[in-house]
Amino acid sequence: MTDFAEAVESVEQLVTAWRTMVLDRDADADVRDLPGIAVRWADSRFSFWNCVALTDVGVGADLVRQRLNQAADIMRAKKHPGYLWLFEDLLDDEARSVFGTAAEQAGLRYAFPGTGMAGDLLPVPDPVHPDLTFVRVSDDEQLRAYADLNSRAYGFPLEDGREGLVGSALWKSGIHAYLALRGNTPVACAATLAADGRLFVAFVATDPRWQRRGYGEAVTRKALHEGGRATGLTRATLHATAAGAPVYPRIGFEPNSPIHFYNVAE
C-alpha cells in the first residue's frame with residue numbers, strides 16, 4: 001500500500017456512503033464531485049447531512065489553501081450549516097503544517113476531531129450483552145428513537161435529528177440499523193451499509209445517561225454481524241469521533257487518517 005492508500009479508502013468511503021444517504025434524504029441534494037472537492041449536501045437541519053470533503057491526494061500547501069477557500073464559499077452559499085471533512089493523511093508534509101491556519105484564513109472554524117478506521121474483521125460473532133436486547137429499525141417509531149439517540153449524543157436539538165432520519169425508507173430496509181434496548185428503553189444504536197465492497201459503520205450513538213457500559217460497542221457488533229451476514233463482505237470501515245475511537249479497536253478496527261472537522265465561522 002502507498003502512504004496515501006488508507007486515507008484514500010477512508011475519504012472514498014465517506015463520498016460513497018454519504019451520496020447514498022444524502023440522496024435518500026433529498027433526491028435533489030447537491031452531490032457534485034468537483035476537482036479536489038466532493039459535495040454531499042442535503043441542506044438539512046440535521047447538519048451531518050451537509051458535508052464537503054477535500055479529495056486531492058498528496059496535496060500541497062498552495063492547493064490546500066485554494067481548496068479550503070472554495071469549500072468555504074460552497075458552505076456559505078447554503079441555507080443550513082454543515083461540516084468540511086479534512087483527511088490529514090491526504091496532505092503532503094508542507095500542507096499538514098499550514099492547513100489549520102489556512103482554514104482559519106478561509107473563514108472556517110475548527111469543530112472537532114475524528115479518525116478514519118478500517119479492518120478485515122468480518123464476520124463478527126452475534127453479540128450478547130447481559131443488559132441488552134437488539135432490534136432492527138423497521139418503522140418510524142424506532143427510527144425516531146434512533147434519531148433521538150444521535151441528537152442526545154451529539155448535542156443536536158431532537159427535531160433536527162428527526163428531520164434527518166424519520167420517514168426514510170432506506171433506513172428501515174436498505175441499511176442495517178439497530179437499537180440496543182435496556183428493557184423497553186433504547187440506550188444505544190449503530191448502523192451499517194454496503195459501500196463499494198466494504199461495510200460502512202454509521203451513526204453509532206449512546207444516550208449520555210447510559211455511557212461507559214459497553215452498550216455502544218455491543219450494538220456496533222450487532223450491526224456489523226447482521227450487515228456482514230447479509231452482504232458477505234469481509235472489510236469494514238468507519239469514521240470515529242474522539243469518544244468512539246477507543247472502542248473500535250476492540251472490535252478489530254485499525255486507525256488510519258486523522259480527520260479534522262470544520263464549519264463556517266459566524
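The model is predicted: local features require pLDDT of at least 70 and side-chain atom pairs count only at pLDDT 80 or more, while totals for chains, interfaces and linings use all residues. Residues are numbered from 1 along each chain as its sequence is written, and side-chain values use heavy atoms, with hydrogens and water left out.

**The sheet**

Select the strands to begin. Helices (H or I, at least four residues) and strands (E, at least two) are DSSP runs, numbered from the N terminus. Two strands are taken to pair if DSSP finds at least two bridges between them. Here 11 strands form an open sheet of mixed pairing, in the order 1-2-3-4-11-5-10-9-8-7-6. Its edge strands are strand 1 (33-34) and strand 6 (133-136), each of which pairs on one side only.

Next select residues 83-87, which form strand 4. Buried means under 20% relative accessible area, exposed over 50%, and partly exposed in between (1.4 Å probe, protein chains only). Five of the five residues of strand 4 are buried, so the strand is largely enclosed by the rest of the structure. In a regular strand the side chains alternate between the two faces of the sheet. In strand 4 both faces are covered, with Tyr83, Trp85 and Phe87 buried on one side and Leu84 and Leu86 buried on the other.

Cysteine 51 is the residue opposite tyrosine 83. With helix 2 (residues 61-76) between them in the display, strand 3 and strand 4 belong to a right-handed β-α-β unit. A crossover is right-handed if, with the strands pointing away from the viewer, the path from the first strand over the helix to the second runs clockwise.

Then show strand 11 (residues 254-264), joined to strand 4 by four bridges in an antiparallel arrangement. Leucine 86 stands opposite histidine 260. Asparagine 263 also lies in strand 11 and is buried, with a relative accessible area of 14%. Contact means heavy atoms within 4.5 Å. Not counting residues up to four places away in sequence, asparagine 263 touches Met75, Gly82, Tyr83, Gly107, Leu108, Arg109 and Ala111. For a sense of scale, compare serine 138: asparagine 263 is 125 residues from it in sequence and 33 Å from it in space, C-alpha to C-alpha.

Strand 5 (residues 108-119) runs antiparallel to strand 10 and is joined to it by six bridges, whereas strand 9 (residues 198-206) runs parallel to strand 10, with two bridges. Which residues stand opposite threonine 237? They include alanine 118 and phenylalanine 200.

Strand 9, helix 7 and strand 10 make a right-handed β-α-β unit. Select helix 7 (residues 215-231): its 17 residues reach 24 Å from first C-alpha to last, close to the 24 Å expected at 1.5 Å a residue. The expected span is 1.5 Å times one less than the number of residues. Of the 17 residues, 13 are buried, so helix 7 is largely enclosed by the rest of the structure. Just after helix 7, glycine 232 takes a positive phi of about 75 degrees.

Histidine 176, in strand 7 (residues 176-182), counts as buried at 12% relative accessibility. Among the residues that histidine 176 touches are Arg136, Ala223, Glu226, Gly227 and Ala230.

**The nonpolar cores**

A nonpolar core is a set of buried Ala, Val, Leu, Ile, Met, Phe, Trp, Tyr and Cys residues joined through side-chain atoms within 4.5 Å. The largest has 43 residues, and those with the most contacts inside it are Trp18, Met21, Trp49, Trp85, Tyr146, Trp171 and Phe203. Helix 1 (residues 5-25) gives the most to this core, with seven residues. Apart from this core lies another, of 26 residues, among them Val204, Leu233, Ala236 and Ala245.

**The cysteines**

Finally, select the cysteines. A disulfide is a pair of cysteine sulfur atoms within 2.5 Å, and a search of the whole structure finds zero. The sulfur of cysteine 51 is 19 Å from the closest cysteine sulfur, in cysteine 189, too far for a bond. Cysteine 51 is buried, with a relative accessible area of 1%, and cysteine 189 counts as buried at 0%.
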